[in-house]
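Here are my notes for you on this one. Have a look at the model first, then read the points with the structure open beside you.

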Amino acid sequence: QVQLVESGGGLVQSGGSLRLACAASGNFFRLFAMGWYRQVPGKERDLVANISMGGIVDYSDDVKSRFTISRDNAANTIYLQMNSLQPEDTAVYYCHARVALTNKLPIQDDWGQGTQVTVSS
């Protein structure tokens with residue numbers, strides 16, 4: 001089983017920056033793609049950024065020029081550097097990972113518990 005623990009959320013003023021981290025721990029065979037999603041009340045959880053094992057990244061259009069996702073495979077950790085934050089970025093941010101628990105089990109989706117990011121105007 002894998003645990004994804006997010007950190008780094010909080011309250012920031014418009015135009016400010018935050019850096020989120022997500023560390024994977026537990027017993028698993030391999031982590032594949034990892035990423036960040038966000039959700040506001042009453043809406044679906046949306047992809048923010050994704051990074052493959054090899055470092056190929058993908059961003060939603062509304063964060064592409066402001067956010068940077070990175071990955072430390074040795075530490076089983078991903079990061080999300082968020083710059084020029086705007087009130088519309090306010091949401092709960094969830095870490096996501098595609099994980100193989102063993103070399104025989106299929107790849108599964110796992111989620112962190114979420115971290116709140118609030119941007120004041």
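The points below go from the ground rules to the sheets, and then to single residues.

1. Ground rules. This is a predicted model, so to speak of a local feature we need pLDDT of at least 70, side-chain atom pairs count only at pLDDT 80 or more, and totals for chains, interfaces and linings use all residues. Residues are numbered from 1 along each chain as its sequence is written, and side-chain values use heavy atoms, with hydrogens and water left out.

2. The open sheet. Start with four strands, which line up as E1-E3-E8-E7 in an open, antiparallel sheet. Strands here are DSSP runs of at least two residues, marked E and numbered from the N terminus, and two of them pair if DSSP finds at least two bridges between them. E1 (2–7) and E7 (67–72) are the edge strands with a single partner each, so one side of each has no neighbour in the sheet. From one strand to the next, the twist averages 15°; for such angles, axes are lines fitted to C-alpha atoms (for helices, over the stretch in contact), and the values run from 0 to 180 degrees between N-to-C directions.

3. How the strands are joined. E1 and strand E3 (residues 18–26) run antiparallel and share six bridges; look for glutamate 6, whose bridge partner in E3 is cysteine 22. E3 is in turn joined to E8 by six bridges, again antiparallel, and here leucine 18 has methionine 82 of E8 as its bridge partner. Six antiparallel bridges also join E7 to E8, with isoleucine 69 partnered by leucine 80 in E8.

4. The hairpin and E8. Which residue in the turn between E7 and E8 has a positive phi? That is asparagine 76, at about 50°, in a hairpin with four residues between the two strands. As for E8 itself, five of its six residues are buried (under 20% relative accessible area; over 50% is exposed, in between is partly exposed; 1.4 Å probe, protein chains only). E8 is therefore largely enclosed by the rest of the structure.

5. Threonine 77. This residue belongs to strand E8 (residues 77–82) and counts as buried because its relative accessibility is 8%. A polar atom of its side chain lies 2.9 Å from the backbone oxygen of alanine 75. Beyond neighbours within four places in sequence, threonine 77 is in contact (heavy atoms within 4.5 Å) with Cys22, Ala23, Ser70, Arg71 and Asp72.

6. Strand E11. Strand E2 (residues 10–13) runs parallel to E11 and is joined to it by four bridges, with glutamine 13 opposite serine 120. Strand E9 (residues 91–100) pairs with E11 over three bridges in the antiparallel sense, and tyrosine 93 has threonine 115 as its bridge partner there.

7. The aromatic pair. Searching the whole structure turns up one aromatic pair. The ring centres of tyrosine 37 and tryptophan 111 are 5.0 Å apart and the planes are at 70°, so we call it edge-to-face. The rule is that rings of Phe, Tyr and Trp (its six-membered ring) pair if their centres lie within 6.5 Å, with planes under 30 degrees apart counted as stacked, over 60 as edge-to-face and the rest as tilted. The two residues are 74 apart in the chain, with tyrosine 37 in strand E4 (residues 30–39) and tryptophan 111 in strand E10 (residues 108–111). Tryptophan 111 is partly exposed, at 37% relative accessibility.

8. Two arginines. Arginine 45 has its charged end over the ring of tryptophan 111, 4.7 Å from the centre, and also lies over the face of tyrosine 94, at 3.6 Å from the ring centre. This is scored when NZ of Lys or CZ of Arg is within 6 Å of the ring centre and within 35 degrees of the ring normal. Is arginine 38 buried or exposed? Arginine 38 is buried, with 12% relative accessibility. Its side chain makes a polar contact of 3.0 Å with that of aspartate 62. For a polar contact, two N or O atoms must be within 3.5 Å; within protein, one must be able to donate a hydrogen and the other to accept it, and residues adjacent in sequence count only if both atoms are side-chain atoms.
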